[in-house]
Amino acid sequence: MKLLEDKILNDGIILNNEIIKVDNFLNHQIDVSLINEIGKDIANHFPMATKVVTIETSGIAIAYATCLALNNCPLVFAKKQASKITSDTNYTAKAKSFTKGFVYEIRIDKKYLSPNDKVLIVDDFLAAGNAGVGLIELIKKSGAEIVGFACAIEKGFQKGRNEIEKLGIKVYSCANILAFKDNKPIF
C-alpha cells in the first residue's frame, strides 16, 4: 500500500535494525484518514470475514477501521490482563510482545467467539509472530474459522509470516519492510 509506505518513509524513525517507531501516526497518535485507508485495504483482501479480532491496544484502531469497511462487523479484542469484571469463562493463550519482551496471558470471553464466526485477525505490526500465534491458538479453541491474519506493517526480515503461515493461515500486510538500509526502510 503505497500511501502507508510513503508515510513510513517520511515519518517513521528507525531505532535500531529491528524496531521502527511509527507512534506519530499509527499507535500513539493516529492519522485517522490513513487508518481508514488501511482498514479498507485489509477488508478488500478478506471480504468473507464476519468478525475481526485483535489484541489490545495498538491494533484496535486498525481493526475498527477494518470492521467499518466490512459492513460494521463486530470487533473483539483480546485483553492482556484480567479485571474485576472479567468473566472466568474465557478462552486463553500466551502471547509475547516483541517490543516489550513480556509474555501476556491473553483472554477473550467465550460469549464473543463461536464456531459460526469467520474471524480475521488484525494487528498493527507483524514481527516475530508471537501475538498472532497466541491469537490463533485462542481462536481455534472457540471452533471459529480463521480466514486470515492482516497487519499494517510487517517486518519481513523477521520470522512472523512463516510462524503464522505454517499454521495454515493466510497473511496479508499493507506494507512489508524487507530490511533497513542507510537508516531507511526497504520495501
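Student: Where is the place of aspartate 182?

Tutor: Aspartate 182 sits in the loop between β10 (179-181) and β11 (184-186), where strands (E, at least two residues) and helices (H or I, at least four) are DSSP runs numbered from the N terminus. Please keep in mind that this is a predicted model, in which local features need pLDDT of at least 70 and side-chain atom pairs count only at pLDDT 80 or more, while totals for chains, interfaces and linings use all residues. Residues are numbered from 1 along each chain as its sequence is written, and side-chain values use heavy atoms, with hydrogens and water left out.

Student: Okay, and does aspartate 182 count as buried or exposed?

Tutor: Aspartate 182 counts as exposed because its relative accessibility is 69%, given that exposed means over 50% relative accessible area, buried under 20% and partly exposed in between, with a 1.4 Å probe and protein chains only.

Student: Which other residue has a positive phi although it is not a glycine?

Tutor: One of them is asparagine 71, with a positive phi of about 60°. Asparagine 71 lies in the loop between α4 and β4 (75-78), and it counts as exposed because its relative accessibility is 71%. For background, most residues other than glycine have a negative phi, and most peptide bonds are trans.

Student: Where is there a cis peptide bond, then?

Tutor: A cis peptide bond, with omega of about 0°, joins glutamate 56 and threonine 57. Threonine 57 belongs to the loop between β3 (51-55) and α4 (60-69).

Student: New topic: how many salt bridges does a search of the whole structure find?

Tutor: The search finds 13, where a salt bridge is a side-chain nitrogen of Lys or Arg within 4 Å of a carboxyl oxygen of Asp or Glu. One of them pairs lysine 51 with aspartate 117, whose closest N and O atoms are 3.4 Å apart. This pair links distant parts of the chain, with lysine 51 in strand β3 and aspartate 117, 66 residues apart from it, in the loop between β6 (103-109) and β7 (118-126).

Student: Is lysine 51 buried or exposed?

Tutor: Lysine 51 is buried, with a relative accessible area of 11%, and aspartate 117, at 10% relative accessibility, counts as buried too.

Student: What does glutamate 105 form a salt bridge with?

Tutor: Glutamate 105 forms one with arginine 107, the closest N and O atoms being 2.9 Å apart, and its side chain also meets that of lysine 94 in a salt bridge at 3.8 Å, N to O. Glutamate 105 is in strand β6 and lysine 94 is in strand β5 (residues 90-96), 11 residues apart. Around glutamate 105, which is partly exposed at 34% relative accessibility, arginine 107 counts as buried at 10%, whereas lysine 94 is exposed with a relative accessible area of 53%. Elsewhere, salt bridges that share partners join Lys7, Asp11 and Asp31 into one network.

Student: Last one: at what angle do the axes of helix α1 and helix α3 cross?

Tutor: The axes of α1 (residues 2-11) and α3 (residues 32-45) cross at roughly 140° and come within 10 Å.

Methods:
Axes are lines fitted to C-alpha atoms, for helices over the stretch in contact, and angles run from 0 to 180 degrees between N-to-C directions.
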